[in-house]
Amino acid sequence: MATRRPVKIGIAGLGRLGKQHATNLAYRVPGAVLAAACSPVDEELDWARETLPDPRIHSDYEALLADRELDALWLVTPSSLHADQIIAALRAGKHVFCEKPLSLDVAECERVLSVAREYPHLEATIGFMRRFDRSYRDAYEKARAGTIGRPFMVRSQTTDQNDPDGFFVRFAPTSGGIFLDCTVHDIDIARWFFNGARATRAFATGTIALHEGLRECGDVDNGVGVVEFEGGRLAVFYASRTMAHGCDTHSEVIGTGGALAIGHNPRLNRVEIYDAGGVRSESTPTFFARFEDAFLNEAHAFVQAVAARMAGMPPVAAGGATLADALEATRIGRALREACSTGLPVDLPA
Ligand code: NAI
């Protein structure tokens, strides 16, 4: 009987999301040991020393790659670095989990897939965590079981609470813009419910409602996209950085025999406030509050998949997005970005 040993993980990137992942890996994922942390920023390394259970600290990625004790790397670095860092991780013999998107560039995604084919024994997955959210997963299983007939339409949105400090304006030069940063999740969800159907054409438009600073890098703070898929399937996407009430990310899958609505009311919890203004709930303030369990579940799944490989067992389906799924999400996200900036439909050839 094969025995499993803990998966030793090194995390790169300890920013807004990296700290959350690091805390999960260090304290909430059985079978994982967060053995090293890497960031070029001193304050982030101080945070790691104070908060994490004694990880080895590296101030550059090369040193993390060279850390021979590590089985896997966990990348929460700027999107513009993902492709090169995944390739370097695979070449260093490490399993790799990387945050979305795989890359901002389709050719770079293809390069990652080509290198990954040389290392079929290594796990490589991209963090489309919505696939691990309990409600999305339940809806997916219902759709698979035929509850709504043939799903032919997905309406999905990723909308963040307005940040008056404009964090994402500073973040925009490396984020790839609203379609590659936000809508990429909705694209992945549509492809998931459509069983990986191929997208054929994209339309998009957008506006700047509040954050003029985005104009400089050709971005918008509210974007709308329509994507046609083979077989007459359609997806309608909305992304926003300017919601007043909170992070309101939800989806709807419409089929020939019914529809599934996932997370339409972005309420924080089950408390309703009855007051002079009526009856209301507070909203999930951030993507992390909304998807806290999904981030944890995706870490469990990755660690279990890597542990099985390390124990010489047949690969288990981790249930996350593959590199090929992530490539498609980038291809469609780029088409939406182009459609938004030119005002013209963009064909997505086979
Ligand atoms: P951030 O800017 O707060 O953090 C980036 C981190 O990378 C910082 O710790 C920075 O010091 C570090 N870094 C920069 N260059 C590095 C290098 N060469 N080697 C190692 N570390 C380096 O950004 P944030 O918001 O944490 O996003 C990081 C990634 O996570 C992005 O790709 C983003 O798309 C993704 N993300 C995913 C979300 C989701 O819903 N799944 C939500 C938010 C972010």
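How many salt bridges does the rule find across the interface of domain 1 and domain 2? The rule finds three. The legends below describe a predicted model.

**Figure 1. The two domains of the protein chain and the interface between them.** The domain assignment places residues 7-130 and 291-321 in domain 1, and residues 131-290 and 329-347 in domain 2. Their C-alpha centres are 25 Å apart. On the domain 1 side 30 residues make contact with 31 residues of domain 2. About 2,600 Å² is buried between the two domains, with 62% of this area on carbon and sulfur atoms. Within domain 1, the residues that lose the most area to domain 2 are Phe128, Arg130 and Phe291, which together account for 33% of what that side buries.

**Figure 2. Polar contacts and salt bridges between domain 1 and domain 2.** Between the domains, 16 residue pairs are in polar contact, both residues being at pLDDT 80 or more. The most come from α9, which gives eight residues. Sorted by class, this side of domain 1 has 15 nonpolar, eight polar and seven charged residues.

**Figure 3. Surroundings of Lys100 and Pro101.** A salt bridge joins the side chains of Lys100 and Asp181, at 3.2 Å from N to O. The peptide bond that leads from Lys100 to Pro101 is cis, and its omega is near -15 degrees. Pro101 is located in the loop between β5 (95-99) and α5.

Figure 4. Arg130 and Asp186 form a salt bridge through their side chains, at 2.9 Å from N to O. Arg130 and Asp186 are both buried. A salt bridge of 2.8 Å, N to O, also forms between the side chains of Asp188 and Arg131.

**Figure 5. Thr158 and its contacts.** Thr158 belongs to strand β7 (residues 151-161). With a relative accessibility of 6%, Thr158 is classed as buried. Its side chain makes a polar contact of 2.6 Å with the side chain of Asp186. Leaving aside residues up to four places away in sequence, Thr158 touches Arg130, Cys182, His185, Asp186, Tyr238, Ala239, Ser240 and Thr249.

**Figure 6. Asp54 and Asn195, two non-glycine residues with positive phi.** Asp54 has a phi of about 60 degrees and sits in the loop between α2 (42-51) and β3 (56-58). The relative accessible area of Asp54 is 71%, so this residue counts as exposed. For Asn195, phi is about 55 degrees, and the residue is in the loop between α8 (178-193) and β8 (199-207). Asn195 is also exposed, at a relative accessible area of 55%.

**Figure 7. Further salt bridges of the model.** The count by this rule comes to 24 salt bridges. One network of salt bridges links Lys8, Arg56, Asp67 and Glu69. Glu212 pairs with Arg215 in a salt bridge, with 2.9 Å between the closest N and O atoms. Glu212 is partly exposed, at a relative accessible area of 48%.

Technical notes
Residues numbered from 1 in each chain as written. Predicted model: local features only at pLDDT ≥ 70, side-chain atom pairs only at ≥ 80, totals over all residues. Heavy atoms only, no water. Domains from an automatic or database assignment. Contact = heavy atoms within 4.5 Å. Buried area = accessible area lost by both parts, 1.4 Å probe. Salt bridge = Lys/Arg side-chain N within 4 Å of Asp/Glu carboxyl O. Polar contact = N/O pair within 3.5 Å; in protein donor to acceptor, adjacent residues only side chain to side chain. Helix = DSSP H or I, 4+ residues; strand = E, 2+ residues; numbered from the N terminus. Nonpolar A, V, L, I, M, F, W, Y, C, P; charged D, E, K, R; others polar. Buried < 20%, exposed > 50% of the residue type's maximum accessible area, 1.4 Å probe, protein only.
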